[in-house]
Every structure is written in structure tokens, then in C-alpha cells.
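Me: I would like to learn how to read a few features of a model. Can we take them one by one?

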Amino acid sequence: MKTVHVAVAVVVVNDHDILIARRPDDKHQGGLWEFPGGKVEAGESVTAALVRELDEEVALSVTEQSMSPLLQIPFDYPDKSVLLDVYWVEADMNSALLAHGAEGQEVRWLPFTRLAEFEFPAANQPILNAVCARLG
């Protein structure tokens, strides 16, 4: 089974609020919430993929300088394997206010303390733990 390399952004504003998006119903793990990001293309760095994906997915402009590695998560679902390359992304309030579901998906900014109220794919549990450990 081929592993899909996925760049994932934990986008934070004011050391408190986190951006999450609902996966489209027709996609793998559809209907669950996720941290924005997407597939890393051949020859593309993870940070370049995040700059591109955040612009395409949630209309958020960020720079590679605003990112730092958080963790890597290899995870096997019954139907696919993924390698989540997770980065911490500091966003400024002006950019954050412009973020929206550019692909029609629901997006929310919420206090990190409310993340447990939302259902995420199983592979995201280490990310949720890392966010709470860093900000809690």
C-alpha cells in the first residue's frame, strides 16, 4: 500500500484559537473535522505545500517563516496509509479574519480548549494531544 504524504497545519492565532475545517462528505473520512492541509506534491517541500494548500483551501496567506515542525505521524487506515507532516503555523489576526472555506467546506476558529468537542480522524489524536500540551 502506497503511503500518502500529507502536510498538515495547526494554524494558531493569539496563542489560543485554532483553525479547523470539516472534510467533504465524499472524501476519505468525510464529515469529520481536520486541520487544514493536503498532499505534498512531487518535488515540493512540506512548507511550500502548506503555503499552497492554506491559500487554496482556506484563503489564508502565510509564509514559510511563520511555520515550525510539530510532529510526524505515520498512520495506517484499513484502506490507505498516510504520513502526516504536522507544522505549527502562527497566523496574524488580519489574515485570520479573511480565512474561509474556499472549497465550500465549513471552517471554524475555536479556542484550543474546545477541540475535544469535535470529531477528528483517528490519525489526528496525536495532533490534538500536542496542541493541548503546547497551549494548555
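This is a predicted model: local features need pLDDT of at least 70, side-chain atom pairs count only at pLDDT 80 or more; totals for chains, interfaces and linings use all residues.

Me: Which residues of α3 are buried?

Reply: They are Ile127, Leu128, Ala130, Val131 and Leu135.

Me: How do I read that spacing along a helix?

Reply: An α-helix has 3.6 residues a turn, so residues three or four places apart point the same way. Now the case here. Seen down the axis of α3, the buried residues fall within an arc of 165°, so they line one face of the helix.

Me: What sits over the ring of Trp88?

Reply: The charged end of Arg134 does, 4.0 Å from the ring centre.

Me: How many aromatic pairs are there?

Reply: Ring centres must lie within 6.5 Å to pair, and planes over 60 degrees apart count as edge-to-face. By this rule there are three aromatic pairs. Take Trp33 and Phe118: their ring centres are 5.3 Å apart and their planes stand at 80°, so this pair is edge-to-face. The pair links distant parts of the chain, 85 residues apart. Trp33 is in strand β3 (residues 33-34), while Phe118 is in the loop between β7 (107-111) and α3 (125-135).

Me: Are Trp33 and Phe118 buried or exposed?

Reply: Both Trp33 and Phe118 are buried.

Me: What lines the largest pocket?

Reply: Its lining has 29 residues; Val6, Arg23, Glu34, Gly37 and Gly38 lie nearest the centre. β1, β2, β4 (37-39), α1 (46-58) and β6 each give two or more residues. β1 gives the most, with four. The volume of the largest pocket is about 650 Å³.

Key. Residues are numbered from 1 along each chain as its sequence is written. Side-chain values use heavy atoms; hydrogens and water are left out. Rings of Phe, Tyr and Trp (its six-membered ring) pair if their centres lie within 6.5 Å; planes under 30 degrees apart count as stacked, over 60 as edge-to-face and the rest as tilted. Buried means under 20% relative accessible area, exposed over 50%, partly exposed in between (1.4 Å probe, protein chains only). A charge sits over a ring if NZ of Lys or CZ of Arg is within 6 Å of the ring centre and within 35 degrees of the ring normal. The arc is that of the directions from the helix axis to the C-beta atoms. On a 1 Å grid over the protein atoms alone, a cavity is a set of points where a 1.4 Å probe fits but cannot get out, and a pocket is an open set with protein on both sides within 12 Å along at least five of seven lines; lining residues have an atom within 4 Å of a point. Grid points are joined across faces, edges and corners, and a volume is the space filled by probe spheres set on the points.
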